[in-house]
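Here is a short report on one protein model.

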Amino acid sequence: MSLLNISNLTMQFGGLVAVSDFNLELKQGKIAGLIGPNGSGKTTVFNVITGFYKPTQGNLFLDGKEITNLTPDRITAMGLTRIFQNSRVFRDLSVFDNVMIGHHIRMRSSPVAAVLRTPGYSAHEKRAIDQTMLLLEQLDLAVHVNEKAGALPYGLQRKLEVARALSTEPKVLLLDEPATGLSSEEKDEMIDFILKVRQDYGLTILLIEHHMRVVMGICEEISVLNYGKTIATGNPVEIQSNQAVIDAYLGEG
Ligand code: ADP
Ligand code: MG
């Protein structure tokens with residue numbers, strides 16, 4: 001079954017066609033890659049899927065339900081979330097609070113309920129605390145629970161963002177360059193980490209990444225964008241030997 005289905009997606013900014021007639025069928029449990037030179041439209045695809053941009057054209061379905069033009073909140077609540085290209089940890093908050101924020105988004109807790117400490121709120125709050133601790137333990141972040149997020153090495157900050165994303169209990173996770181800026185060792189850890197969370201949380205993943213070792217190592221299917229157009233789709237072996245793809249990357253220098 002296809003969990004995420006994108007058909008004929010076009011996104012235009014004024015005269016610029018950032019994404020043109022993009023199609024994707026992402027099957028349950030798969031990891032697909034979205035690659036292409038800088039400015040080729042990858043993040044724009046994510047911004048449309050997550051409801052940050054309204055597409056100029058096209059239709060998007062999550063688990064059979066149409067999500068075109070829904071708000072980001074709604075789409076997250078339906079089971080799709082992302083991490084951003086640039087780190088968005090709350091640097092001055094603790095590791096614990098960074099993940100708790102994800103729970104609050106999912107529970108849509110009302111500030112009034114929080115202040116009044118209604119019984120319903122307390123039960124939710126207790127469950128959120130337990131789930132946050134469990135998630136941090138499962139992802140080997142529990143030893144850092146009280147540290148400020150901004151003080152963590154960058155590789156752990158990226159993992160923390162994944163933890164926060166998981167706290168919304170997604171079916172589909174979009175990762176925008178999770179390995180960019182990491183050391184070679186951290187990249188290897190990130191590969192293992194992504195494979196582990198896919199397995200442990202039964203996730204379906206769409207990955208944007210520049211580092212070919214990461215992309216080729218974990219993606220089963222890959223789409224390649226260049227100037228907003230899809231120039232190739234296929235498995236890692238097919239993509240690596242595709243002349244149009246090689247040319248697009250050579251053009252980038
Ligand atoms: P990538 O993630 O592949 O590097 P992006 O999706 O960020 O590329 O950008 C694709 C193109 O769309 C770029 O030319 C970029 O400048 C443009 N673009 C992205 N977002 C906007 C926006 N909100 N307004 C205008 N142009 C945008
Ligand atoms: Mg990008």
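At 46% relative accessibility, Asn69 counts as partly exposed (buried is under 20% relative accessible area, exposed over 50%, partly exposed in between, with a 1.4 Å probe and protein chains only). Asn69 sits in the loop between S5 and helix H2 (72-77). Helices (H or I, at least four residues) and strands (E, at least two) are DSSP runs numbered from the N terminus. The phi of Asn69 is near 70°, a positive value in a residue other than glycine. Most residues other than glycine have a negative phi.

This is a predicted model, in which local features need pLDDT of at least 70 and side-chain atom pairs count only at pLDDT 80 or more, while totals for chains, interfaces and linings use all residues. Residues are numbered from 1 along each chain as its sequence is written, chains are lettered from A and ligands numbered from 1 in the order in which they are written, and side-chain values use heavy atoms, with hydrogens and water left out.

Asp63 also has a positive phi, about 50°, although it is not a glycine. Asp63 lies in the loop between S4 and S5. Asp63 is partly exposed, at 25% relative accessibility.

Thr43 is partly exposed, with a relative accessible area of 24%. Gln85 is partly exposed too, at 29%.

**Open sheet**

An open sheet has 4 strands in the order S2-S1-S4-S5, with antiparallel pairing. Two strands pair if DSSP finds at least two bridges between them. Strand S2 (16-27) and strand S5 (65-66) are at the edges. Each has a single partner strand, so one side of each is left without a neighbour in the sheet. Strand S1 (residues 2-13) and strand S4 (residues 57-62) pair in the antiparallel sense over 5 bridges. Within that pairing, Leu4 stands opposite Leu62 in S4. H1 packs on the sheet and touches S1, S2 and S4 (contact means heavy atoms within 4.5 Å). The direction of H1 makes about 115° with that of S1. Axes are lines fitted to C-alpha atoms, for helices over the stretch in contact, and angles run from 0 to 180 degrees between N-to-C directions.

**Strand S9 and its partners**

Is strand S9 (residues 221-226) largely enclosed or left open? In S9, 5 of the 6 residues are buried, so the strand is largely enclosed by the rest of the structure. Strand S3 (residues 31-35) pairs with S9 in the parallel sense over 4 bridges. The bridge partner of Ala32 in S9 is Glu221. S9 is joined to strand S10 (residues 229-234) by 5 bridges, and the two run antiparallel. Asn226 has Lys229 as its bridge partner in S10. S9 and S10 form a hairpin with 2 residues between them. Tyr227, in the turn, has a positive phi of about 50°.

**Aromatic contacts**

The structure holds 2 aromatic pairs. Rings of Phe, Tyr and Trp (its six-membered ring) pair if their centres lie within 6.5 Å; planes under 30 degrees apart count as stacked, over 60 as edge-to-face and the rest as tilted.

| Pair | Centre distance | Plane angle | Type |
|---|---|---|---|
| Phe13 and Tyr53 | 5.3 Å | 80° | edge-to-face |
| Phe52 and Phe84 | 5.8 Å | 85° | edge-to-face |

Phe13 in strand S1 and Tyr53 in the loop between H1 and S4 are 40 residues apart. Phe52 lies in the loop between H1 and S4 and Phe84 in the loop between S6 and H3, so the pair ties together parts that are 32 residues apart in sequence. Phe52 is partly exposed at 45%, whereas Phe84 is buried at 17%.

Both of these rings also carry an arginine. Arg82 lies over the face of Phe52, at 5.2 Å from the ring centre. The charged end of Arg88 sits over the ring of Phe84, 3.7 Å from its centre. A charge sits over a ring if NZ of Lys or CZ of Arg is within 6 Å of the ring centre and within 35 degrees of the ring normal.
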